[in-house]
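Here's a quick look at how some side chains pair up in this model. Have the sequence and the structure open as you read.

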Amino acid sequence: MAEPDHIFVKPLPNLALDNDPAAFPFFYITPSKHEKIIRKYYAKERGPVTDIDPIGNSPVIIKKVILVAHLTPFTYACIDLLTIRLVH
């Protein structure tokens, strides 16, 4: 996946391994600053929110079968977060 504002001057290296997708980290994505919201989707049993990689949705190298497995939960989380934003 990539967004229209990304310009690649050389092909991206395929850093993804068999069933292990690869993504680019973003310094401004800080899950720990939004722990209250994140805990709604990331149970304490899974570990601290600092374990969540600070990545965006793009660029990502991922197998289609893995992406499809995450689409439904991701869609519901997005709708839920949008609702929270609109209400507050």
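## Glu35 and Arg39

Glu35 and Arg39 pair through their side chains in a salt bridge, with 3.4 Å from N to O. Keep in mind that this is a predicted model. Glu35 has a relative accessibility of 35%, so it goes down as partly exposed.

As background, side chains of opposite charge can pair when their charged atoms come close. In this structure there are three such salt bridges.

## Two bridges across the sequence

Next up is Asp80, which forms a salt bridge with Lys40; their closest N and O atoms sit 2.8 Å apart. Asp80 belongs to helix α2, while Lys40 is in the loop between α1 (35–38) and β2, so this pair ties together parts that are 40 residues apart in sequence. How exposed are the two partners? Asp80 is partly exposed, with a relative accessible area of 23%, and Lys40, at 53% relative accessibility, counts as exposed.

Then there's Asp18, which makes a salt bridge with Lys63, the closest N and O atoms being 3.0 Å apart. This one also links distant parts of the chain: Asp18 is in the segment before β1 (22–25), Lys63 is in the loop between β2 (55–61) and α2 (64–87), and the two are 45 residues apart. Asp18 comes out as exposed, at 58% relative accessibility. Lys63 has 37%, so it lands in the partly exposed group.

## The aromatic side

On to the rings: the structure has three aromatic pairs. Take Phe24 and Phe26, whose ring centres are 5.4 Å apart with the planes at 75°. Why is this pair called edge-to-face? Planes over 60 degrees apart count as edge-to-face, and the 75° between Phe24 and Phe26 puts them in that class. Phe26 is buried, its relative accessible area being 16%, whereas Phe24 is partly exposed at 46% relative accessibility.

Phe27 and Tyr28 make another edge-to-face pair, since their planes are at 90°, with ring centres 5.3 Å apart. Are these two residues buried or exposed? Both Phe27 and Tyr28 are exposed.

Terms used. Residues are numbered from 1 along each chain as its sequence is written. This is a predicted model: local features need pLDDT of at least 70, side-chain atom pairs count only at pLDDT 80 or more; totals for chains, interfaces and linings use all residues. Side-chain values use heavy atoms; hydrogens and water are left out. Rings of Phe, Tyr and Trp (its six-membered ring) pair if their centres lie within 6.5 Å; planes under 30 degrees apart count as stacked, over 60 as edge-to-face and the rest as tilted. Buried means under 20% relative accessible area, exposed over 50%, partly exposed in between (1.4 Å probe, protein chains only). A salt bridge is a side-chain nitrogen of Lys or Arg within 4 Å of a carboxyl oxygen of Asp or Glu. Helices (H or I, at least four residues) and strands (E, at least two) are DSSP runs, numbered from the N terminus.
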